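Me: Could you take a close look at one part of this model for me, the hairpin and what sits around it? I'd like the cut-offs spelled out as you go.

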Amino acid sequence: ASPGRTKIILGTNICETSITLPDVVCVIDCGRVRQVTRNKRTGGSMLIQQWCAKSSCKQRAGRAGRVQCGMCLKLYSSNTAEYVMKAESEPELKRVPLEEVCMSILASGFSQNCMQFLSQAPQPPSIDSVRAAVEVLHQVGAV
């Protein structure tokens, strides 16, 4: 937008990135996030809406007033922030189906053993999740 125009940023995952818009003075944070997660019943993925982590809310609030005074309007109660929201969000490797990740590891030649490769991650996925992903890849004839 041209200088002097009002810009509104709604607090989303995008608002948590390192993008700095210097003239943002207000962020409206709904406290919600849509994330891909593994459906434990079917093994597939699903997009769910849930409360975001406190750390994410703090990051969103930090988008306002980067270079001048600013404010963050939170559209959730202090009770929700205190008792419902988790402190940190779960790492992606621990919450999403791993078929695509395993396929990429194998196709790129990084390793022939997905579990061994993924166990080196700072927060590795569970052995069961990796086994399930590799099993699916075998069942569909991808490996």
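Reply: R34 sits across from Q49 in β4. Strands here are DSSP runs of E with at least two residues, helices are runs of H or I with at least four, and both are numbered from the N terminus; two strands pair if DSSP finds at least two bridges between them. Keep in mind that this is a predicted model, where local features need pLDDT of at least 70 and side-chain atom pairs count only at 80 or more, while totals for chains, interfaces and linings use all residues. Residues are numbered from 1 along each chain as its sequence is written, and side-chain values use heavy atoms, with hydrogens and water left out.

The hairpin has 6 residues between β3 and β4, and G43 takes a positive phi near 85 degrees there.

R95 belongs to helix α3 (residues 92-95), and the backbone oxygen of E90 is 3.5 Å from a polar atom of the R95 side chain. R95 is buried but has no salt bridge, with E92, the nearest side chain of opposite charge, 4.5 Å away. Buried means under 20% relative accessible area, exposed over 50%, partly exposed in between (1.4 Å probe, protein chains only); a salt bridge needs a Lys or Arg side-chain nitrogen within 4 Å of an Asp or Glu carboxyl oxygen. For charge, Lys and Arg count as positive and Asp and Glu as negative, with His and the chain ends not counted.

As for Y83, that residue is in helix α2 (residues 78-83) and counts as exposed because its relative accessibility is 65%.

Key. Polar contact = N/O pair within 3.5 Å; in protein donor to acceptor, adjacent residues only side chain to side chain.
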